[in-house]
Amino acid sequence: MAELIEIPAGDGTAEAYLARPDGTPKGGVLFFMDAIGLRPRIAEMADEIAAWGYLVLAPHVFYREGSAAELSPTGDLRDPEQRESFFATSNVGQHIANLTPDLAARDTAAYVEKLQALLTEAGAAGAKLAATGYCMGARLAIRAAGQFPGLVVAVGGFHGGGLVTDDPQSPHTVVTGQAEYVFGHAENDRSLSPENAVDLDKALEAAGATYTSAIYPDAPHGYTMSDTSSWHEPSYQRHLTELKALLQRRLG
């Protein structure tokens with residue numbers, strides 16, 4: 001299991017899961033969690049990516065709102081009613097809104113610095129980085145590459161929401177031609193319409209980015225999360241295949 005560590009972030013101390021590979025890492029991966037939070041499922045996914053040969057850091061991006069334990073759901077989200085209740089009664093929406101692009105940029109700089117230090121300690125100084133994000137974490141992954149072009153060279157975004165908005169700081173406005181992107185959109189997702197997906201593709205093309213963008217059939221929003229009722233194993237496995245190939249192409 002990935003170890004839980006504490007790291008200095010933009011406005012305090014953030015918990016994070018750290019998953020180490022066997023041997024010298026081929027690169028580093030910033031893992032941006034979904035809105036449900038930092039929990040054992042995120043550790044499992046970080047471990048899986050680490051097993052491919054990468055050092056993985058998954059920060060608790062809502063650290064300003066409380067600890068990971070304080071914000072974690074207490075019910076069994078594999079029950080659709082309990083999942084719905086969690087989103088209806090928690091402050092998840094406000095937590096997402098509170099994490100503005102400016103605050104996220106400050107945090108991401110701290111996460112990148114920590115990940116680079118960990119890579120250096122592991123004998124992989126100067127290794128390239130990737131970012132992968134889930135749900136609202138996909139936005140943070142996109143922003144990381146825009147903030148660190150040429151360093152964050154690969155971006156995975158899966159069942160991402162709010163990737164294209166009317167806001168001048170919408171994530172799609174900061175894509176860069178210096179990274180390769182792989183997106184696995186959920187077919188059943190109110191937070192990203194087919195029109196949004198098309199607009200994202202247009203932004204990637206305009207930036208000169210290499211990218212793959214697909215809508216996973218029958219996939220609900222949250223399909224990678226086996227601890228919720230949104231779990232969809234075929235889509236999860238497809239995401240693993242496409243993410244692993246991306247990391248191999250860009251990080252080795």
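A: In this predicted model, the axes of helix H5 (residues 101-121) and helix H6 (residues 137-147) come within 10 Å and cross at roughly 70°. Angles of 65 to 115 degrees count as roughly perpendicular, and H5 and H6 are therefore roughly perpendicular to each other. The handedness of this crossing of H5 and H6 is right-handed. On the H5 side the contact is made by Pro101, Ala104, Ala105, Thr108 and Ala109, while H6 contributes Leu140, Arg143, Ala144 and Gln147.

Turning to the aromatic rings, the structure holds 6 aromatic pairs. One of them joins Tyr134 and Phe158, whose rings are stacked, with 5.7 Å from centre to centre and 25° between the planes. This pair links distant parts of the chain, since Tyr134 lies in strand E5 (residues 129-134) and Phe158 in strand E6 (residues 152-158), 24 residues apart. Both partners fall under the 20% limit for a buried residue: Tyr134 is buried because its relative accessible area is 1%, and Phe158 counts as buried at 0% relative accessibility. A further pair is formed by Tyr216 and Tyr223, where the ring centres are 5.3 Å apart and the planes stand at 40°, so the pair is tilted. Here Tyr216 is buried, with a relative accessible area of 0%, and Tyr223 likewise counts as buried at 0% relative accessibility.

How values were computed
Residues numbered from 1 in each chain as written. Predicted model: local features only at pLDDT ≥ 70, side-chain atom pairs only at ≥ 80, totals over all residues. Heavy atoms only, no water. Axes fitted to C-alpha atoms, helices over the stretch in contact; angles between N-to-C directions. Helix = DSSP H or I, 4+ residues; strand = E, 2+ residues; numbered from the N terminus. Parallel < 35°, antiparallel > 145°, perpendicular 65-115°, else oblique. Left-handed = near helix turned anticlockwise from the far one by under 90°. Contact = heavy atoms within 4.5 Å. Phe/Tyr/Trp six-rings, centres within 6.5 Å; stacked < 30°, edge-to-face > 60°. Buried < 20%, exposed > 50% of the residue type's maximum accessible area, 1.4 Å probe, protein only.
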